[in-house]
Amino acid sequence: MENKTTHTILLIWTHLCRFVLAGLFLFSGFVKAVDPPGFTYKIQDYLAAFGVAGWFPFFFPLFVAIFVSAIEFCIGVFLFFGIRKHLSVTLALLLMLFMTPFTLYLAIANPVSDCGCFGDAWILTNWQTFWKNVCLLIAAVTLFRWRKLMVRFISRKSEWLVSMYTLIFIFFLSFYCLRYLPILDFRPYRIGTDIRQAMAIPEGARPAVVETVFILEKEGKRQEFTLENYPYADSSWQFVDRKDVVLEKGYEPPIHDFSLTETQTGEDITDLVLTDPGYSFLLVVHRVERADDSRIDLINEIYDYSLEHGYGFYALTSSPDEEIESWRDRTGAEYLFCRVDDITLKTIIRANPGLLLIRDGVILRKWSNARIPDEYVLHDKLENLELGQLEVPRDASTIGKVFFWFVIPLLLVLVADFFFIKRRDSGKEEDTYHINPLITNKMRKNIVAGNWKMNKTLQEGIELATSLNEALAGETPKCDVVICTPFIHLASVTPVVDAEKIGVGAENCADKEAGAYTGEVSAAMVASTGARYVILGHSERRAYYGETVEILREKVKLALANGLTPIFCIGEVLEEREAGKQNEVVFGQLASVYSLSPEDFSKIVLAYEPVWAIGTGKTATSAQAQEIHAYIRSTIAEKYGQEIADTTSILYGGSCNASNAAELFANPDVDGGLIGGASLKVADFKAIIDAF
Ligand code: PGA
């Protein structure tokens, strides 16, 4: 009972951790994918702050940005659906193991002011980020330790579909937003923003006192300067970065750094541009030397168009005069250039170049280089075009569209998969190493298998099978039911039972394929009766018929080759248990199946049967059973990986009966029973089945 309560609490806690972690990874991956340049700038900030920016090729930050957002999003989806558990939980843990100490360092040393973990969508201070990561690390450790408790919502057969779709979706989103601007704009220069209003400080509000600090470098030495001690006279200092240090907190307007200085005259034309009641185009080229000039003809056409209709046209850049001159030479640009802070330009539009249309200080449109409008779009005056009117994008509708394109197809997979699993659960399909998560929290099958041993004549056997079939008619057992009978019963028993409810198996098969082996029955012969299972390695056969690890290896191979599911038995004798050698013994016996390929191994069922408990009325205690089952599973995980370990059913056998079955089966690693004596009476066997 106590065991069950602890298990339930653990289950709830694990799932809480799972969904919190999944939600945050999904959110964090999504907001980064929506704005790849934003995260790229953040990575550039980090590289610069650590003085290693020059170590990497120019595309490295963007590559990392897209890659990290895809990984985070995939971890979120995988955790949510409970698929690729080992991979997703390990990645989540590794990320948190790296991020937690890293953000502690950020919080203490403050090399960058915002860690950027949720892009611009949710800005946390460095300390907030650190504490958030501590919570996530606890969740990741919990999940790593108890990942096998995670319920899977999608079967293994369909998980590749979900994985592929998620990957394609997230890469598509990143590249789409990279090319055509972020689909959600979290920055202060959204369409519809009145720049003047966003810069204003409301009456009575006290503005923050902010000091701009410049980081300069000379002969490998970095130093910070303010406007007061800036070394204007010494040109050997190289600009590295600048940051705003808040000296006194106060009201901070959303926009505080929008200022346009005409490059040729040095005149501040901010007000002139923002108060112009007519239209103005702002061509934002934050660095002209790095700008894409492939659509320069369109840009020049827009300049001509604005001249023709009397609209303003200004190019905004942070590049030095020589670079502007070289741009003019290259592109034939005749428009006016204004110098604007580099970070401001990158904040205004995530494209280089990008184009803005403003009127009366209000942002009406934004275009990336790939979407610059052509003469067909601008066929009339802006006053007469829809394009010239303000249309504020509705985030709810954008999120709705994303939801539609991502969630709806996945829901369809989920529904299809659910019915697919249901069909398999009702026995119409083979290979059912997955169970309906709504029935139980484990993702392996629960099985109750009878082992008739050398009991019952043919007539008695048929009668027993028929009665069991009747007892189960109209019921849906919460486990798979199998009866393993002597060879001579097989062909007569299979037709009398409902194959969708009761599987039939043999108790042994030969270690040879066919030929002159008088008295033996081959795996092919067993399969030809309609039987689907075969018990192999039972302790009675090991003890009385000298079955060794090698012989059993052959039998298992032949059983699998003939489409039979081996129920492979292992277990120690009393002296071995008393000497505390049970783990070593079962591990030694498992050698017969540990030479199988992962694919073959995942087809077998194991049965742990302590020899001292078989037919003696002496059962292993629930704790003893759980302990050794968990050990067996851990060896499978080591050999074949966690995923296979989690899907291998391990049955308990040895004096299992109606009164102790429920307690034994309540253990997380006990997936049913192999029942000897109690399988010979329908009422007893049925009561064990009902223990689930
Ligand atoms: P038992 O036998 O249930 O009679 O102990 C189990 C078995 O040998 O499979």
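**Around the ligand**

Modeller: Happy to! Sorted by class, the residues of the shell around the ligand are four nonpolar, seven polar and two charged. Please keep in mind that this is a predicted model.

Biologist: Which residues are closest to the ligand?

Modeller: The ligand is surrounded by 13 residues. The closest of them are Lys453, His538, Glu609, Gly615 and Ser655.

Biologist: How much of the ligand does the protein bury?

Modeller: A polar atom in the side chain of Glu609 is 2.6 Å from an oxygen atom of the ligand, and for Asn451 a side-chain N or O atom is 3.4 Å from a ligand oxygen. Gly615 takes part through its backbone, where an N or O atom lies 2.8 Å from an oxygen atom of the ligand. Taken alone, the ligand exposes 280 Å², and the share of this that the protein buries is 95%.

Biologist: Is Gly461 buried or exposed?

Modeller: Gly461 sits in helix α13, which covers residues 458-472. Leaving out residues up to four places away in sequence, Gly461 touches Trp452, Lys456, His489 and Val493. Buried means under 20% relative accessible area. Gly461 has a relative accessible area of 0%, so the answer is buried.

Biologist: Where does the side chain of Ser592 find the backbone oxygen that lies 3.0 Å away?

Modeller: Ser592 is in the loop between α19 and α20, and its relative accessibility of 1% makes it count as buried. Beyond residues up to four places away in sequence, Ser592 touches Val549, Leu552, Arg553 and Phe568. The backbone oxygen 3.0 Å from a polar atom of the Ser592 side chain belongs to Val549.

Biologist: What is the phi of Glu219, roughly?

Modeller: Glu219 is in the loop between β1 and β2. With a relative accessible area of 77%, Glu219 is exposed. Most residues other than glycine have a negative phi. Glu219 is not a glycine, yet its phi is positive, near 50°.

Biologist: Which residue does a cis peptide bond join to Pro353?

Modeller: Pro353 is in the loop between α11 and β8. Most peptide bonds are trans. Here the bond is cis, with omega about 5°, and the residue it joins to Pro353 is Asn352.

Conventions. Residues numbered from 1 in each chain as written. Predicted model: local features only at pLDDT ≥ 70, side-chain atom pairs only at ≥ 80, totals over all residues. Heavy atoms only, no water. Helix = DSSP H or I, 4+ residues; strand = E, 2+ residues; numbered from the N terminus. Buried < 20%, exposed > 50% of the residue type's maximum accessible area, 1.4 Å probe, protein only. Contact = heavy atoms within 4.5 Å. Near = heavy atom within 4 Å. Polar contact = N/O pair within 3.5 Å; in protein donor to acceptor, adjacent residues only side chain to side chain. Areas by Shrake-Rupley, 256 points an atom, 1.4 Å probe, with all protein chains shown as cover. Nonpolar A, V, L, I, M, F, W, Y, C, P; charged D, E, K, R; others polar.
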